[in-house]
Amino acid sequence: MWEHEQLVVRTGKRSGMTTMVALHSTTAGPAVGGCRMKTYERFTDAVTDVLRLSKAMTLKCSAAGIPHGGAKSVIVVDRPLTPQLRRQVLLDHADLINEFDGAYRAGPDVGTGPDDMVVLRELTPYAYCLPEEHGGTGSSSVPTARGVLAALKAASRHVFGTDDLTGRRVVVSGFGSVGELVARSLTGAEVIVSDVDESRRTDEFGWVPPDQAYEVEADVLVPAAVGGVLSPETVARLDVRLIVGPANNQLTDDGVADLLEKRGIVWVPDHVAGAGGVIYTLAREDDGIGHEAAMKRVDRIEATVGKLLGGA
Ligand SMILES: NC(=O)c1ccc[n+]([C@@H]2O[C@H](COP(=O)([O-])OP(=O)(O)OC[C@H]3O[C@@H](n4cnc5c(N)ncnc54)[C@H](O)[C@@H]3O)[C@@H](O)[C@H]2O)c1
């Protein structure tokens with residue numbers, strides 16, 4: 001069923017490439033959400049992605065108590081990107097963002113980063129997370145990881161009776177910027193990491209190939225790679241007690257949550273565990289508060305998860 005406010009798709013006049021914005025909800029305030037730059041097999045896959053991700057942003061802002069709605073944008077990469085073409089499509093995307101007159105505000109997402117936000121800002125004021133030297137707060141991986149750890153603390157107390165993970169086995173699927181920060185913070189735990197990119201492999205942690213990350217016997221699984229990883233098939237193979245991670249839209253559909261519950265696996269929704277970045281960025285860039293105070297807001301995820309799990 002259609003439940004979004006708007007979906008706008010444009011062919012860029014400079015690049016000839018497709019960019020789109022899905023505005024899920026502005027009920028709570030202007031909608032925020034990252035700009036994903038990605039190659040899709042089919043055009044409809046990009047539309048499905050932008051619609052699902054924008055809804056997840058509404059849930060994320062709502063669960064975090066932020067006065068914003070949810071949106072997302074996608075730049076569909078349909079040919080090799082030269083630096084010039086990348087710039088052209090970003091400028092095209094800035095034109096599209098301006099059509100929303102502030103109702104959509106973009107930040108980085110998979111495939112884009114703070115430097116791309118500098119290009120957007122040439123044409124639109126509605127871009128967050130520029131590098132610090134450009135007056136922004138840069139990548140939000142650090143607060144996102146902090147939020148995952150806050151969620152993990154509350155959930156561990158609920159599941160294991162303690163938030164001390166010493167001696168427990170934790171599998172981190174996706175050893176990227178957030179996954180690495182989380183893995184390095186799990187002092188005392190037996191950490192096993194996994195990534196499609198073999199060059200990320202390190203002797204510091206155990207390693208499993210990505211297709212085995214969801215069947216390793218462990219206490220905790222941290223999905224920190226891509227969405228759609230928890231399906232009826234993967235849930236049947238899981239051998240963990242707790243799942244907490246930042247990857248957006250981890251479930252292939254909402255019914256998978258019931259399957260997890262039936263198997264006695266506690267899953268902290270990604271829109272709760274992965275909200276640290278958006279909480280921090282808006283606290284710093286909109287509310288103008290300092291780093292430490294913004295991190296304290298991120299830490300509130302621990303209380304939210306405790307409440308969700310029944311006050312543990
Ligand atoms: N960075 C943030 O602030 C933030 C905020 C909220 C949510 N997220 C989400 O968290 C996840 C991780 O974010 P990130 O910034 O660390 O991204 P990243 O791109 O730095 O890292 C992702 C890692 O996952 C690996 N990967 C890709 N597909 C994989 C697969 N199928 N199996 C195993 N590994 C795979 C990549 O090689 C990469 O190393 C993403 O889904 C992102 O959307 C990130």
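A: Helices here are DSSP runs of H or I with at least four residues, numbered from the N terminus. This is a predicted model, where local features need pLDDT of at least 70, side-chain atom pairs count only at pLDDT 80 or more, and totals for chains, interfaces and linings use all residues. Residues are numbered from 1 along each chain as its sequence is written, and side-chain values use heavy atoms, with hydrogens and water left out.

Start with the space itself. The second largest pocket has a volume of about 380 Å³ (the space filled by probe spheres set on grid points, which are joined across faces, edges and corners). A pocket is an open set of points on a 1 Å grid over the protein atoms alone, where a 1.4 Å probe fits, with protein on both sides within 12 Å along at least five of seven lines; a lining residue has an atom within 4 Å of a point.

Now the lining. It holds 18 residues. Closest to the centre of the pocket are R52, K55, L59, N249 and D254. Two elements give two or more residues each: helix 1 (43-63) and helix 8 (270-273). Helix 1 gives the most, with five residues.

Last, the location. Domain 1 (6-134) and domain 2 (141-273) both give residues to this lining, so the second largest pocket lies between them. The domain bounds come from an automatic or database domain assignment.
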